[in-house]
Amino acid sequence: MYNKLYDNCFKTELNTKVLKVEEENGLYWHACKDTIFYVESGGMASDIGMMDNHMVLGLKKKDGYLWHLLDVKLEGAVFMSINLHERFRKCQIHTAQHLISAVLSNVYKVHTLAHHVGDEENDVEFDFPDFNEKMAIELQVLCNGLIRDDLNVSILYPTRAEALAHLPQKDVMRDDLRIVRIGALDYTLCGCMHVPSLRYLQLLFIRGFEKTNKGYKIKYLVGDQLLDCVERRYKVLDEVSHSLAISHLYLDTGVGRIINETRKLHNEVSDWKQKYYKMLAKELGQREEQLIIEQFEDIDNKSLVKMASFLCDTYQKAVILIGKMYDNAHIVVAANPGNGLDVKAVYEMLADTYHLKGNVGSSIAQGGGLYKEDMLTRIQELIKNV
């Protein structure tokens, strides 16, 4: 049997009586004579509220009762109260889904496949063979026109014979029928809560759409949810607008300018880095030793390889270069062909020691792994024994 207290979404207070209490892990489940708490079903989330000023921590159906979880044990008469703002928001979203589905069913003869509710936006999936921007705009205009017309949203409990006038026989082969009707537009089986008429939806916004495996998913915002979302986004826009000293309408231009300036600075930094590494390589190349083992901080792998190649080609050196970046290390082993260092053997020894993963060539090998403390000193000791 349906709880007819759910028929009025504004019924948010109730005096009732506790009939049963069951303890579970230090908390208490309460079954009451009546309840105004809606438990999650049909794609609609559970109510949030209190019993005698104690927060209801959970809801469940069991043995024909709706049980309310509290951190205290209550007995006798109790007072229930529901968070009206949250309930109203959920009812707006669910009624809006019925409206969207009804409009698309009547205009395009498509079927609703799924409905998902979120904080930022909701979506309804339909078995559309095709959907486009023009259809999305038309849908928004039609829905908001019906909202302005303020079609009545009724909750009905018809007989099977009455329901058969609107629904196929397979849908009415049950004892308890609950119908949500939107004017003459829609007549749908539903056990969820709804606003009493379309004007309570205030405004519906089609956020966008995307192709799915089964059709198209249409994203929407409505009523209080839409207002909350606009407010949050406006705050973000205000902050960015203030930071860039540009009005909202020109933020895209401002952001584009910053992106271009950042790219230019990145290229300039990259050029200076390469000049620095080339200068550093010249200093290293002037050393007397034929095998150079050095460690560098915050150097990218590409620059490390270039430095190794420059030292080998210009100064006929053999090198083991370590690049440390945060917790990672990249090691390059390279040698001029006439230097005599067995690049492959040295790299494989280091790869085995430090679990490196990379590429091995005859004159240059490189690989990366986790940086180990005192890596430079340990590698110098290892090479002495080669």
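In what order do the three strands of the open sheet that contains S10 stand, and is the pairing parallel or antiparallel? The order is S10-S11-S12, and the pairing is antiparallel; point 2 returns to this sheet.

1. Basis and overall form. This is a predicted model, in which local features need pLDDT of at least 70 and side-chain atom pairs count only at pLDDT 80 or more, while totals for chains, interfaces and linings use all residues. Residues are numbered from 1 along each chain as its sequence is written, and side-chain values use heavy atoms, with hydrogens and water left out. The protein has eight helices and 19 strands; these are DSSP runs, helices being H or I of at least four residues and strands E of at least two, numbered from the N terminus. The C-alpha trace spans about 100 × 55 × 45 Å along its principal axes. The radius of gyration is 35 Å, whereas a compact globule of 386 residues would have one near 21 Å (taken over C-alpha atoms, with a globule rule of 2.2 Å times the number of residues to the power 0.38).

2. The sheet of three strands. In the open sheet S10-S11-S12, strand S10 (153-156) and strand S12 (186-189) stand at the edges with a single partner strand each, so one side of each has no neighbour in the sheet. On average, neighbouring strands here are turned by 20° against each other, direction ignored. Strand S11 (residues 179-182) runs antiparallel to S12 and is joined to it by four bridges (strands pair if DSSP finds at least two bridges between them). Within this pairing, Ile182 has Asp186 in S12 as its bridge partner. H1 packs on the sheet and touches S10, S11 and S12, its direction making about 65° with that of S11.

3. The sheet of seven strands. A second open sheet has the order S4-S3-S7-S1-S2-S6-S5, with antiparallel pairing. Its edges are strand S4 (54-55) and strand S5 (58-62); each has a single partner strand, so one side of each is left without a neighbour in the sheet. Strand S1 (residues 13-24) pairs with strand S7 (residues 77-82) over five antiparallel bridges, and Lys17 stands opposite Ala77 in S7. S1 is also joined to S2 by six bridges, again antiparallel, with Val18 opposite Cys32 in S2. The hairpin of S1 and S2 has two residues between the strands, and Asn25 takes a positive phi near 55° there. Strand S2 (residues 27-32) in turn pairs with strand S6 (residues 65-70) over four antiparallel bridges, where His30 stands opposite His68 in S6.

4. Ala114 has Glu125 in S9 as its bridge partner.

5. H1 against H2. The axes of helix H1 (residues 84-108) and helix H2 (residues 133-149) come within 10 Å and cross at roughly 120°. Axes are lines fitted to C-alpha atoms, for helices over the stretch in contact, and angles run from 0 to 180 degrees between N-to-C directions. H1 and H2 are therefore oblique to each other (angles under 35 degrees count as roughly parallel, over 145 as roughly antiparallel, 65 to 115 as roughly perpendicular and the rest as oblique). Residues of H1 including Leu99, Val103 and Val107 take part in the contact, as do residues of H2 including Leu139, Leu142 and Leu146 (contact means heavy atoms within 4.5 Å). The contact residues divide into 12 nonpolar, no polar and one charged; Ala, Val, Leu, Ile, Met, Phe, Trp, Tyr, Cys and Pro count as nonpolar, Asp, Glu, Lys and Arg as charged, and the others, Gly among them, as polar.

6. H1 against H4. H1 and H4 pack with their axes 7 Å apart, at an angle of about 105°, and are therefore roughly perpendicular to each other. His85, Phe88, Arg89, Gln92 and Ile93 in H1 meet Gly223, Asp224, Gln225 and Asp228 in H4. By class, this contact has two nonpolar, four polar and three charged residues.
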